[in-house]
Amino acid sequence: MASQLKDVLLIGYGAVGAVYSLILKRSGLARVTVVARSNYEAAHEKGMTFKSRKYGNIQGWRPDRLFPNIENALDRPYDYVLLSTKAIPEIQRTPALLRPLLSPPYSNLHPQPTYVLFQNGLNVEVDLYDALRRLRPDEEPRIISTAVWIGTGLLDKNVVEHGEFDRVQMGIYRPSTTTTPPTDTQPAHLTEFARMLSAGGSDVTLVPEIQRVKFTKNLWNAVLGASAALAHASLRAFFRPPHLEPGREGSQPTAEEAAGESAREVLEAKATASASAQATAAIPHASPAIGAYTIPFLHETLTEVYELGRTLFPPDDARGIPGLDPDVVQKTLANTSRLHAKPDSVHVPSMLVDVQQERPMEVEHVVGEVVRMGRRASVSLPRMETLYALLLVMQNQFLRKQQEARAQL
């Protein structure tokens, strides 16, 4: 059985990487080598502790092998390299991170693996694809891209909290948005890796064109995550009415709260209500003014991005591939507001977590790529351009702070 195991190198031992290293090991089909950079010492000394509603409480868990860097793991060929780091090109681009695998002597001694990217954002695959094409011009790079839905986070460097689900949609990356069928060799790599994840307990769906799936998933991060980051406030500050705050469950709005709906600024907004204001009238909101101005802004921004998606990802009737869900904007707002209006809601968007900790965000691939895709397609995105322009100012400050901290080491 051991000879049939697939060698998997997982780079990035944060919460997502840790959960999927556990899943791969649980499958019984993989020999898992992990590169843990910032948390190597804690994971090496104590193992990883999981507090998972799905997989149970596990203490001192370890992969087959654990290293602090990629260089130490170059003693063998790998069938798959799973990258679960944040994609922040201002700090390090993917080919630079993977240079030990893409350079001699490793690249001369071993075939290139199939790369599996568990990363947020759009076009995270481009730099790696181009580097692999330069390395071996006669080979089509094998890259599996994914859209991952998972509720998880690090409570400590070696303690992972995980909820009740982990879902991944995955497909072969191609450098265009067309639905060109995979080559003869690529589907085997895709189905094999999907089988490993499924055997380990994850919910896996294969899709014929992954980019449109990633675009839809990115809609939430690009608009709602970015707005929360700029506001320095969780989405509860957008959607939770005062009478649903913890400790007030079951109560009704006070007279003062109800009077806010009749304020001049709110009444004027209602009198000149836009289509977005009318579409979001029933969406819960944290104040009358937020309901009159902020929630419609979110709807309008989501609509901008949706219109870009309609241009880039039209339906492919010949292959039975639908276009973007025409109700995705309304569904996104309704589902998000319902979740964050609840008194027990504790979720914080990842971009806001980065802001709170004053560390660089995934701005370029989550927001910037949307703007650039819009410009290339001649689709106007004024609200997204505004979000991006303001996020760049914050990002620059965080990058400077990080550079100054490194200079003092």
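Is serine 107 buried or exposed, and what is its relative accessible area? Serine 107 is buried, with a relative accessible area of 4%, where buried means under 20% relative accessible area, exposed over 50% and partly exposed in between, for a 1.4 Å probe and protein chains only. The model is predicted, so that local features need pLDDT of at least 70 and side-chain atom pairs count only at pLDDT 80 or more, whereas totals for chains, interfaces and linings use all residues. Residues are numbered from 1 along each chain as its sequence is written, and side-chain values use heavy atoms, with hydrogens and water left out.

**Figure 1. The protein chain as a whole.** The protein chain has 17 helices and ten strands, these being DSSP runs numbered from the N terminus (helices H or I, at least four residues; strands E, at least two). For 409 residues a compact globule would have a radius of gyration near 22 Å, and the 23 Å of the protein chain agrees with this; the radius is taken over C-alpha atoms, and the globule rule is 2.2 Å times the number of residues to the power 0.38. Of the 409 residues, 50% count as buried.

**Figure 2. Serine 107 and its surroundings.** Serine 107 lies in helix α5 (residues 106-109). When neighbours within four places in sequence are left aside, serine 107 is in contact with Leu101, Leu102, Gln112, Leu135 and Arg136, contact meaning heavy atoms within 4.5 Å. In the loop between α4 (99-102) and α5 lies proline 105, and the peptide bond from proline 104 to proline 105 is cis, with omega near 5 degrees.

**Figure 3. The packing of α8 with α14.** Helix α8 (residues 210-231) and helix α14 (residues 328-341) pack at an angle of about 60 degrees, with their axes 11 Å apart; axes are lines fitted to C-alpha atoms, for helices over the stretch in contact, and angles run from 0 to 180 degrees between N-to-C directions. The two helices are therefore oblique to each other, given that angles under 35 degrees count as roughly parallel, over 145 as roughly antiparallel, 65 to 115 as roughly perpendicular and the rest as oblique. Thr216, Leu219, Trp220 and Leu224 in α8 meet Val328, Thr332, Leu333, Thr336 and His340 in α14. By class, this contact has five nonpolar, four polar and no charged residues, where Ala, Val, Leu, Ile, Met, Phe, Trp, Tyr, Cys and Pro count as nonpolar, Asp, Glu, Lys and Arg as charged, and the others, Gly among them, as polar.

**Figure 4. The packing of α13 with α17.** Helix α13 (residues 288-312) packs with helix α17 (residues 382-407) at an angle of about 105 degrees, their axes being 8 Å apart, and the two are therefore roughly perpendicular to each other. Phe297, Glu300, Thr301, Glu304 and Val305 of α13 make the contact with Pro382, Arg383, Met384 and Leu387 of α17, which by class amounts to five nonpolar, one polar and three charged residues.

**Figure 5. Two loop residues with positive phi.** Asparagine 123, in the loop between β7 (114-117) and α6 (126-135), has a phi near 60 degrees, a positive value in a residue other than glycine, and is buried with a relative accessible area of 18%. Serine 378, in the loop between α16 (363-376) and α17, likewise has a positive phi of about 60 degrees although it is not a glycine, but this serine is exposed, with a relative accessible area of 69%.
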